[in-house]
Structures are given as C-alpha cells and as structure tokens.
Amino acid sequence: MKILGIVAAQNYPRSVTADYLVVAGGGGGAAVNGGGGAGGLRSTVTATGGGGSLETALSLTPGTSYTITVGAGGAGGATILAPSYSGNNSSISGTGITTVTSTGGGAGGIFDAAGTSGGSGGGGGFENKAGGAGTTNQGYAGGGNVSNASGGGGGAGEAGNTDGTGEGGDGVAVSITGSSVSYAGGGGAGSEGSTPGSGGTGGGGNGANRSSVIAATAGTANTGGGGGGGSNLPQTGQSGGSGVVIIRATQAAASTTGSPTYTTSGSYHIYQFNASGSITY
C-alpha cells in the first residue's frame, strides 16, 4: 500500500559544533611595582592556558541566543599607596551549555603586598612578596620578589620572572582565526634603579623605571595582557588589556549583536567579539 503525502525532512542542523577562544581582561600593574597578571585563557584550538588540555567544543542549538561577555582590563595603581585592580571575567553562556568562563588576571602587588590570584597571578610587590596564583587550565602564577626587584605578572604560557627578573610571563599562540596570534602575556614589573621587566608576548605591558624616566605601558587591548608595574611617582602602574571572545563554526551565524568582526578561513566562519554581545545560529 503506497502512502501519499510524505513530507521531506528539513535540512536544518540539530546542533552547531563551535570552537572558541575566551580570554579575560588582564590585571593592572601596581604603582610600586608588581606587574599585572594576564587574563585567563581557555580554548578548543591549538593551546589553552596554564599548560592544560584543550577544552571541548560547544554544541549550540539553532535559534538560541548565546551571551558573549568580554571582560575589561583592571586599572593600574594611580598613586604610591593606591591598589591596582584585577581584570574582569570573559564568558560564553546560554541555555543548554555549561558556561565557559575565563578568570580576570590578578592585580600586581603594591610595595609590601603579594600579587593577587587570577586567571594568571599578579607579580609580587617590592618587599619580598610572592606572586599570586594562576587558575588551573587558564594561566600561571605571578613572579615573586627577587633580589629586591618586584615580580612580573604571570602569563597563559609561563609564570612571571621565567625569562628574567621582573619579566612578565609569555602568553600562548592560538590559531583559531587561521593565523597564529599570541594572547594573555603578563605585565612586566617596575624598578627603582635596575632594568624594568618587559611584558610577556601576547600583549603584556612593560614595567617602568623611575631613574631612567621610563613609563610603564598598558596591556594591549583585546589580548588580555597584564599592565606594566610602576616605579613610584610619577611612573605609576598601568591598566591591563581587555579580553576577547572568538567563536568559529562551519555554519554562519543567523544573527549577532555587539558588532563582532566577521572573517572566514577555509570552511570556517569566524566571529571575534572585542566587546560584549550575543550570537545566534
């Protein structure tokens, strides 16, 4: 018996598999003198922070709006006794998925204070203080005080001070856009008389030096780099760089908010959020 009126199945996907990179805002550098820690980094592509395993790709439901939050960098220490601030978290959230959150970078330690824990930890202050701890699978610890020199902020790829006294830890290179780009470098520590610490690769700011009148630099925007540590007035600490969220899939999004940058690479459709927004497939 022939059955008439069979309706063809629609060719709509039941889910969209999406890779991601989520980098939090970097921590601010202290006025005297610890470098800011890099924002935590989580990724399903190429590398993730803290030497951890790659994350699992997301399974997104068509028609569902997913919220993208891009964390701002933490402010640097503006005066000798003023604190610096940790960076803000970045995330992907929505119905049917476990929220992906990267933790803001830790603030650099001021003078006699330890660095703050974060995605990567802030560097320790001048008077024999330890660096802050990093977050598992996101970043490394900040460097501690070494020979009366402050510690560099931790990076996603290594701890602060790994490459020398006061150096910010390097970030990691991620190829989610089709090109290798480094993110989440730690901020370099400031110094009163010796050479200040350089920022880690991946947007870390450089430390200041008072005697040479070298100003600290901020972490690079949309890399999650930590801010450079200051060196007493007027060479104050600088802010961390803002984070970034990048999503790629073999299917183009139906709509977005927040004006992400859209590119393609091979079969992938790539959306880079430099500010908070949303995405719907």
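A polar contact here is a pair of N or O atoms within 3.5 Å, where within protein one atom must be able to donate a hydrogen and the other to accept it, and where residues adjacent in sequence count only if both atoms are side-chain atoms. By that rule the side chain of Ser 15 makes a polar contact with the side chain of Ser 59, at 3.4 Å.

The structure is a predicted model, in which local features need pLDDT of at least 70 and side-chain atom pairs count only at pLDDT 80 or more, while totals for chains, interfaces and linings use all residues. Residues are numbered from 1 along each chain as its sequence is written, and side-chain values use heavy atoms, with hydrogens and water left out.

**Overall build**

The protein has zero helices and 13 strands, where helices (H or I, at least four residues) and strands (E, at least two) are DSSP runs numbered from the N terminus. Along its principal axes the C-alpha trace spans about 90 × 30 × 30 Å. The radius of gyration, taken over C-alpha atoms, is compared with a globule rule of 2.2 Å times the number of residues to the power 0.38; for 281 residues a compact globule would have a value near 19 Å, and the 21 Å of the protein agrees with this. Buried residues make up 53% of the 281 residues, with buried meaning under 20% relative accessible area, exposed over 50%, and partly exposed in between (1.4 Å probe, protein chains only). Of the contacts with a separation of 6 or more, 51% are accounted for by residues 24 or more positions apart, contact meaning heavy atoms within 4.5 Å.

**The nonpolar cores**

In soluble globular proteins, nonpolar side chains tend to be buried together. A nonpolar core is defined as a set of buried Ala, Val, Leu, Ile, Met, Phe, Trp, Tyr and Cys residues joined through side-chain atoms within 4.5 Å. The largest such core has 20 residues, and those that touch the most other members are Leu 60, Ile 68, Ile 92, Val 245, Ile 247, Ile 279 and Tyr 281. At least two residues of this core come from each of S1, strand S3 (58-60), strand S4 (65-69), strand S9 (244-249) and strand S12 (268-273), and S1 gives the largest share, four residues. Apart from this core lies another, of 15 residues, among them Val 45, Ala 47, Val 244 and Ile 246.

**Around strand S1**

Leaving aside neighbours within four places in sequence, Leu 60 is in contact with Ser 15, Val 16, Ala 18, Tyr 66, Ile 97 and Tyr 281. Ser 15 is placed in the segment before S1 and counts as partly exposed because its relative accessibility is 35%. Not counting residues up to four places away in sequence, Ser 15 touches Ser 59, Leu 60 and Pro 62. Although Ser 15 and Tyr 281 are 266 residues apart in sequence, they are 9.0 Å apart in space, C-alpha to C-alpha.

Asp 19 has its place within strand S1 (residues 16-23) and is buried, with a relative accessible area of 15%. The side chain of Asp 19 makes a polar contact with the side chain of Thr 44, at 2.8 Å. Beyond its neighbours within four places in sequence, Asp 19 is in contact with residues including Val 45, Ala 57, Ile 246 and Tyr 268.

**Strand S13 and its partners**

From strand S13 (residues 277-280), Gly 277 and Ile 279 point one way and Ser 278 and Thr 280 the other way, and all are buried. Two strands pair if DSSP finds at least two bridges between them. S13 pairs with S4 in the antiparallel sense over four bridges, and within this pairing Gly 277 is the bridge partner of Ile 68. Strand S10 (residues 255-257) also pairs with S13 in the antiparallel sense, over three bridges, and Ser 255 stands opposite Thr 280.

**Backbone details in loops**

A cis peptide bond, with omega about 5°, joins Val 32 and Asn 33, and Asn 33 lies in the loop between S1 and strand S2 (41-43).
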